[in-house]
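Please examine the following protein chain together with its three-dimensional model.

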Amino acid sequence: MKFGVIPTEKAQGHVLAHSVQLASGRLRKGKLLAKQDLAALLAEGWYEITVAQLEPGDIGEDASALRLAHALVPDPAGAGVHLSEPFTGRVNLLANHPGVAVIDAARVNAVNAVQPMITLATVPRWQRMDAGGMVATVKIISYAVPESDLQAACAEALGAVHIAPVALKTAVLIETLVSRDAGDKGWRMMQARMERMGVTLSPRRTVPHATDALAAAIAETTEDLVLILTGSATSDPHDIAPEALRAAGGTMTRFGMPVDPGNLLFLGHLGADSGERPVIGLPGSARSPALSGIDWVIERTLCGLEVTSAGIAAMGVGGLLKEIPTRPQPRSGKTQG
């Protein structure tokens with residue numbers, strides 16, 4: 001691709017390299033100039049213009065962006081997204097429904113390594129998406145790119161982005177009471193979390209903070225997801241809530257996570273391998289609307305994505321979500337000289 005200033009009358013088929021405001025409307029940079037465009041320019045005294053001249057094998061920015069977007073999602077509906085119309089070398093991928101963004105980071109990196117004029121940006125891996133949210137954008141920076149580079153990027157991009165839809169439809173929150181009912185804030189916050197994913201949360205249920213009572217409540221559940229919020233923090237793998245899960249015939253697979261807030265979460269399941277239902281023990285941060293490690297685990301679980309102990313252990317990088325001013329210790333301290 002070459003740039004230069006040429007007589008307007010000879011510019012048909014070239015790409016306009018700068019925007020021009022005319023009485024009849026705006027000609028935007030990147031436009032492939034047609035005969036009528038030249039007539040409009042000449043009528044208003046534009047006798048020379050700066051253009052980009054495509055060379056053999058160059059593919060225009062809009063066509064390139066659209067081809068790369070289709071390579072990312074060969075079946076947009078199956079991937080849970082739809083594509084915007086290409087504009088100024090850009091195509092956006094928008095979520096069709098709530099879910100979690102599943103991103104193949106290695107493929108995205110490989111696309112961006114082909115050449116700097118071909119770019120692909122996505123939301124972070126596993127980010128919760130609302131319907132209509134932008135999950136990725138393809139942008140061709142220059143007016144065109146060589147066909148060979150575009151082919152290489154498309155080969156790397158194949159299937160790199162999709163939205164995992166919500167797979168579980170119902171959930172229950174069991175709360176334990178230590179002495180008196182402190183209110184329904186925990187249930188209300190969980191209700192908001194479920195609503196934004198399109199999941200039905202059963203009416204509030206409370207039981208005494210005792211292993212037997214909690215075990216009986218867990219055993220009686222029929223919902224797809226069981227959530228437990230105790231009146232006293234669960235601080236040990238053999239505390240009341242984990243023991244109640246075991247007494248109800250379940251298994252605990254992980255206690256604790258390297259995400260703050262959210263450290264005291266535990267993960268388990270009820271039922272045989274063929275019909276397991278996930279169980280998540282919630283820390284006190286569940287009573288806050290602020291982002292917490294629980295959101296990462298709940299959202300992926302609701303979308304049918306396996307959350308393993310190793311997966312939780314890998315959440316530490318980026319897991320410091322906020323500082324809590326009312327509880328600065330032991331995270332703050334004197335600076336060492």
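The dialogue below treats a helix pair, a sheet and an aromatic pair. This is a predicted model, in which local features need pLDDT of at least 70, side-chain atom pairs count only at pLDDT 80 or more, and totals for chains, interfaces and linings use all residues. Residues are numbered from 1 along each chain as its sequence is written, and side-chain values use heavy atoms, with hydrogens and water left out.

Student: How are α7 and α8 oriented to each other?
Tutor: Two packed helices are described by the angle between their axes and the distance between the axes. For helix α7 (residues 211-219) and helix α8 (residues 240-247), the axes lie 8 Å apart at an angle of about 50°. Angles under 35 degrees count as roughly parallel, over 145 as roughly antiparallel, 65 to 115 as roughly perpendicular and the rest as oblique. The two helices, α7 and α8, are therefore oblique.

Student: Which strands stand at the edges of the open sheet?
Tutor: The three strands follow the order β1-β5-β2, with antiparallel pairing; strands pair if DSSP finds at least two bridges between them. Each edge strand has a single partner, so one side of it is left without a neighbour in the sheet; these strands are β1 (2-7) and β2 (15-16).

Student: Which residue in β5 is the bridge partner of L16?
Tutor: Strand β5 (residues 48-53) pairs with β2 in the antiparallel sense over two bridges. In β5, L16 has as its bridge partner V51.

Student: What kind of aromatic pair do F3 and Y143 form?
Tutor: Rings of Phe, Tyr and Trp (its six-membered ring) pair if their centres lie within 6.5 Å; planes under 30 degrees apart count as stacked, over 60 as edge-to-face and the rest as tilted. For F3 and Y143, the centres are 5.8 Å apart and the planes make 55°, so the pair is tilted.

Key:
Axes fitted to C-alpha atoms, helices over the stretch in contact; angles between N-to-C directions. Helix = DSSP H or I, 4+ residues; strand = E, 2+ residues; numbered from the N terminus.
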